[in-house]
Amino acid sequence: MEYTELSAYELPAGTVTSWTPRADAGRWQQDSRDLSPGHEAHLRDSEPGSWIGSVLRVPAPYEPEALRRAIHAWLSRHEVLRTTVTPAGDGGWRRVTAPAEAVAVRDLVVGDLTADQVRTLLPRLLADVSPTAWPHCVLASVTPHEPGTGFVLAFGADHSVMDAYSQLLWFEEIVSLYDAARRGVPDAELEALEVGSHVDFSAEDRKLAMTLAADGEPVRRWLDFLGPGAAFPRYDGVTRPPADAAEAARPQASRSEWLATVAQTDELSARSRARGASAQSGVLAAFAHAARRVHGLDRLRFVLPMHTRYAPQHAAAVGWYVGLCPVDLDLGGTEPLLRTHQGADPVVDGDALTESVGRVHAAVAAGKPLVRYSFARIAELGGIADGPHFAVSYVDTRFVPGAERWSDWSARTLRSPAHGTDELYLWFLRTHEGLNVSARYPDTPEAHAAMDGLVAELRTHLRAFGSAEPREAVA
């Protein structure tokens, strides 16, 4: 599993079909449930052409009617895919929702295209989503010329209805729905899934957000983290404010790298657990030490996105369940993570690892209570106009339903191209194949050199795990 732009995915030549939800104008119903502050901020701040999605090769013959029924069942199961907003008289927004029976899925055969044409067209189809115009999710299929190879299916969605975990859940759900539809399972059975609604979650999120006060602890702690000017931290040497409009519009670079094998990642996880921490702390500690060795940074300050799927009914729901955790990590006084003895391969310094994992665990634990509170509301109360410039994410995908089959399906999560020189985003993914890092960062010589150095140093760290060389144990 990798998280990349669609341009990095191998798309075949074939017949391209778009699949678009439609609902009659008279079937939309006024919905009194409130929007979350984050949704309102997204409506205000989102950039045109921004989307996330997923793509896979469905391992079965292409049957258009079965695919239509599978997509309709997916839309029916998840209410957030059938809701949207309309302008309110006070300058705000009002929610409207369509019942499942009012939604139809319309297909349009775009044409029989070459692989180059598919690579050009598909991103445009998936980018045809907006936070202010329904549908907020569209799909496209590519049926290859070669028979018996299955077909490619992809979707693009607006962030207001989708998070990374929703992207991952889609693979198993859509393949299972398609298989069931091909077997003739009735629509009522296809559509039956007991999950919570993100629309309900949004209303509850707003209620909690409105209990915050400008002088309350969550606002104060965020302002303390941001410091003078309430500015988010940057990664020195990689991110910087754009010099002009041309730099602000420059496409960012994107990369995906495999860092460690399953055995190496498992050992890092075991060492972290022995410290009373998690594999997340171990991976972030390795990253922090790589940054320290390459750029001499003793202190890292970044934002860690974390899920807000606290209630069991939301575990398998589609929606945007993400909060922000501020992380302030001081590595001063710790030794480098690796030691080399008489020219041999580097080995893990157990004492340094123990200290570093402990510090990461403590730094994340300190910020984690803030995740449940809407940052959009905190920003409003605290007068915070800036947004994150340096974000690091960690997701363990191994226990997501269907994860063991993603490799066979050529499954991949997608993000749209981003622009500018002031953002560095890193996504560490633990999968059945090992540890991967995906990144988007400024397309500048300095940023490319920094990322080359970080990736090389991370691989050096992580190769020491699971090797035959002697290693000190974590004490």
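Buried here means under 20% relative accessible area, exposed means over 50%, and partly exposed is in between, using a 1.4 Å probe and protein chains only. This is a predicted model, in which local features need pLDDT of at least 70, side-chain atom pairs count only at pLDDT 80 or more, and totals for chains, interfaces and linings use all residues. Residues are numbered from 1 along each chain as its sequence is written, and side-chain values use heavy atoms, with hydrogens and water left out.

**Stop 1: aromatic pairs**

Rings of Phe, Tyr and Trp (its six-membered ring) pair if their centres lie within 6.5 Å; planes under 30 degrees apart are stacked, over 60 edge-to-face, and the rest tilted. The whole structure holds 18 such pairs. Select Trp28 and Trp134, an edge-to-face pair with centres 5.0 Å apart and 80° between the planes. Trp28 is in the loop between strand 2 (14-23) and strand 3 (29-31), and Trp134 in the loop between helix 3 (115-126) and strand 8 (137-144), so the pair ties together parts 106 residues apart in sequence. Helices (H or I, at least four residues) and strands (E, at least two) are DSSP runs, numbered from the N terminus. Trp134 is buried, at 18% relative accessible area.

Next, select Trp222 and Phe225, also edge-to-face, at 5.9 Å centre to centre and 85° between the planes. They are 3 residues apart in helix 7 (residues 217-226), so about one helical turn separates them. Trp222 is buried, with a relative accessible area of 0%, and Phe225 is buried too, at 8%.

**Stop 2: the core**

Now select Trp74, Phe155, Trp170, Phe171 and Trp406, which ring pairs link into a cluster. Which residues have the most contacts inside the largest nonpolar core? They are Leu56, Trp74, Trp170, Phe171, Ile174 and Trp406, in a core of 50 residues. Such a core is a set of buried Ala, Val, Leu, Ile, Met, Phe, Trp, Tyr and Cys residues joined through side-chain atoms within 4.5 Å. Colour helix 4 (164-182), which gives the core its largest share, 10 residues.

**Stop 3: a charge over a ring**

Show Arg440 and Tyr425: the charged end of Arg440 sits over the ring of Tyr425, 4.3 Å from its centre. The test is NZ of Lys or CZ of Arg within 6 Å of the ring centre and within 35 degrees of the ring normal. Arg372 likewise lies over the face of Tyr373, at 5.1 Å from the ring centre.
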